[in-house]
Amino acid sequence: MAQFFGFAKTVMKNLFSKPATTSYPAAPREYPERTRGHVEINIDNCIMCGMCMRSCPPGAIEVKRAENTWSINRFDCIQCGYCVEKCPKKCLSIVPGYQEPQPEKSVDTVVKPVVEEAPKPVAPAATEPKAQEPAAVEEGK
């Protein structure tokens, strides 16, 4: 009989308390502060300096200036955040959450669009002012 009362106490407690689990599919998960996530780049602000590549401990980031590409190997990245700290233009960020699982190792490559500057208008050449022609002389005077 003592076992029944111990069990009944647990049942009553669970009946009137909040659930211990979250409603994951219905409500998105809120990650705690300082949770490691994955590295994202705003390629429009990137100047292709390579500081993120040099500061990456496992060497997961590769910057190719000649090709205007920025690549990251997601499986090699340890989400330490050194690349985010070292970026002079602050175009890198760590987004909370996890990468979606993939069946194979892959390298994410982002190509920076080449912005062609419009040709600057050429200033008109400085020409010498024409000598003013003398007024037409009337005939007959």
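Predicted model: local features only at pLDDT ≥ 70, side-chain atom pairs only at ≥ 80, totals over all residues.

Visitor: Where is the confidence lowest and where is it highest?

Guide: The term pLDDT denotes the predictor's confidence in each residue, from 0 to 100. The protein chain has an average of 82, and 82% of the residues score at least 70. Helix H1 (residues 2–15) has the lowest confidence, with a mean of 78, while strand S2 (residues 61–64) has the highest, at 96. Helices (H or I, at least four residues) and strands (E, at least two) are DSSP runs, numbered from the N terminus.

Visitor: How many cavities of 30 Å³ or more does the structure hold?

Guide: Rolling a probe the size of a water molecule over the atoms shows where empty space is left. On a 1 Å grid over the protein atoms alone, a cavity is a set of points where a 1.4 Å probe fits but cannot get out; a pocket is an open set with protein on both sides within 12 Å along at least five of seven lines; lining residues have an atom within 4 Å of a point. Grid points are joined across faces, edges and corners, and a volume is the space filled by probe spheres set on the points. Two cavities reach 30 Å³ or more here. The largest cavity holds about 80 Å³. Its lining comprises 14 residues, of which Cys56, Cys77, Gln79, Cys80 and Cys83 are the closest to its centre. The second largest cavity holds about 60 Å³, and its lining includes Met48 and Trp70.

Visitor: Which residue classes line the largest pocket?

Guide: Ala, Val, Leu, Ile, Met, Phe, Trp, Tyr, Cys and Pro count as nonpolar, Asp, Glu, Lys and Arg as charged, and the others, Gly among them, as polar. The largest pocket, of about 280 Å³, is lined by six nonpolar, three polar and three charged residues; Arg34, Arg36 and Glu85 are among them. The lining of the largest cavity has 12 nonpolar, two polar and no charged residues.

Visitor: Which residues touch the most other members of the largest nonpolar core?

Guide: A nonpolar core is a set of buried Ala, Val, Leu, Ile, Met, Phe, Trp, Tyr and Cys residues joined through side-chain atoms within 4.5 Å. Buried means under 20% relative accessible area, exposed over 50%, and partly exposed in between (1.4 Å probe, protein chains only). Val39, Ile41, Cys52, Ile61, Trp70, Cys83 and Leu92 touch the most other members among the 18 residues of this core. Strands S1 (38–41), S2 and S3 and helix H3 (82–86) each give two or more residues to the core. Contact means heavy atoms within 4.5 Å; beyond four places in sequence, the contacts of Trp70 include Val39, Ile41, Met48 and Leu92.

Visitor: Is Met48 buried or exposed, and what is its phi?

Guide: Most residues other than glycine have a negative phi, and most peptide bonds are trans. Met48, however, has a positive phi of about 55°. It lies in the loop between S1 and helix H2 (51–55) and is buried, because its relative accessible area is 4%. Lys90 also has a positive phi of about 55°, but Lys90 counts as exposed, at 54% relative accessibility.

Methods:
Residues numbered from 1 in each chain as written. Heavy atoms only, no water.
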